[in-house]
Amino acid sequence: MEKGSGWCFPTMCRESIIALIIITLTTFAIRMIYVIYWSGKPLPTSSSKLKSTLIILGSGGHTAEMLNLVSLLQKDRFTPRFYIAAKTDNMSLQKARVLEDSLVDQTGDRKVLEAAQFMQIYRSREVGQSYLTSVGTTLIATAHALWLVAKIRPHVILCNGPGTCIPLCVVAFTFKVVGIRWSSIFYVESIARVRRLSLSGLLLYKLRMADQLFVQWPQLQKKYPRAQYVGCLM
């Protein structure tokens, strides 16, 4: 009897663990399908609730395009605004501050500037960095992204191409799936991308992480049917 009981106990444990794993994976899959289905639904325009907005800046042309887009936002609705750029990017946040300062000059309201915060994040990979060493820097960037997204808990994420956006979007999408925070991710492909998506855009498109992916050339929309063609934004 004791021998039989000793044999049944580990068998029952294994069966319980297998059942738990199956239930967990099934729940996760259902939640994933739910998130993908509801992602991309328009934000309720009648809602007066403020939308904390995470704005991811690249460098050079990426920053210019993003700040041009940000200048068109309803500042009283998409607030507070959190600007994030790579640690090694010394210009993008300065340009974002200039934009926010100009809003103060236009409105005369210092609260507009107080609603903006400026942050930096480690790059996943620097230009010219080997793929081998980039494994470590990618892990560091992901951990940093986890801390930033948990701190900011954005309702809206705006990005347009820099690789800096990938760790932040992956963390935000994971938070969405597990129910921590529902962040709507809007990706605007650079106007320089005429025939195919950038690597960042392709990843967000293929993995269905972006709620909406916008392109500025009609041939891109034909190649990637789930993308939205919006014309030239510059």
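Which helix gives the largest share of the lining of the largest cavity? Helix α2 (residues 61–70) does, with 4 residues. The model examined here is predicted; local features need pLDDT of at least 70, side-chain atom pairs count only at pLDDT 80 or more, and totals for chains, interfaces and linings use all residues. Residues are numbered from 1 along each chain as its sequence is written, and side-chain values use heavy atoms, with hydrogens and water left out.

The protein chain has 8 helices and 7 strands. Helices (H or I, at least four residues) and strands (E, at least two) are DSSP runs, numbered from the N terminus. Buried residues make up 41% of the 234 residues in the chain. Buried means under 20% relative accessible area, exposed over 50%, and partly exposed in between (1.4 Å probe, protein chains only).

Rolling a probe the size of a water molecule over the atoms shows where empty space is left. A cavity is a set of points, on a 1 Å grid over the protein atoms alone, where a 1.4 Å probe fits but cannot get out; lining residues have an atom within 4 Å of a point. Grid points are joined across faces, edges and corners, and a volume is the space filled by probe spheres set on the points. The count comes to 1 cavity of 30 Å³ or more. The largest cavity has a volume of about 60 Å³. Its lining consists of Glu65, Met66, Asn68, Leu69, Asn160, Val188, Gln216, Leu233 and Met234. By class, 5 of these residues are nonpolar, 3 are polar and 1 is charged. In this scheme Ala, Val, Leu, Ile, Met, Phe, Trp, Tyr, Cys and Pro count as nonpolar, Asp, Glu, Lys and Arg as charged, and the others, Gly among them, as polar.

Side chains of opposite charge can pair when their charged atoms come close. The structure holds 2 salt bridges, each a side-chain nitrogen of Lys or Arg within 4 Å of a carboxyl oxygen of Asp or Glu. Glu100 pairs with Arg81, with the closest N and O atoms 2.9 Å apart. This pair links distant parts of the chain: Glu100 lies in helix α3 (residues 92–107) and Arg81 in strand β2 (residues 81–86), 19 residues apart. Glu100 is buried, at 0% relative accessibility. Arg81 is also buried, with a relative accessible area of 1%. In the second bridge, Asp211 pairs with Lys176, and the closest N and O atoms are again 2.9 Å apart. This pair too joins distant parts of the chain, 35 residues apart: Asp211 is in the loop between α7 (199–206) and β6 (212–215), and Lys176 is in helix α6 (residues 165–178). Asp211 and Lys176 are both buried.

An α-helix has 3.6 residues a turn, so residues three or four places apart point the same way.

Several backbone features fall in loops. Arg208, in the loop between α7 and β6, has a positive phi of about 60 degrees although it is not a glycine. Arg208 is partly exposed, at 37% relative accessibility. Arg153 lies in the loop between α5 (131–152) and β4. Its phi is near 50 degrees, a positive value in a residue other than glycine. Arg153 is partly exposed, at 33% relative accessibility. A cis peptide bond joins Thr79 and Pro80, with omega about -5 degrees. Pro80 is in the loop between α2 and β2.

Phe173 lies in helix α6 and is buried, at 6% relative accessibility. Leaving aside neighbours within four places in sequence, Phe173 is in contact with Met32, Val35, Ile185, Arg208 and Met209. Phe173 and Ile36 are 137 residues apart in sequence and 10.0 Å apart in space, C-alpha to C-alpha.

Technical notes: 1 Å grid on protein atoms, 1.4 Å probe; cavity = no way out; pocket = protein on both sides within 12 Å on 5 of 7 lines; lining within 4 Å. Contact = heavy atoms within 4.5 Å.
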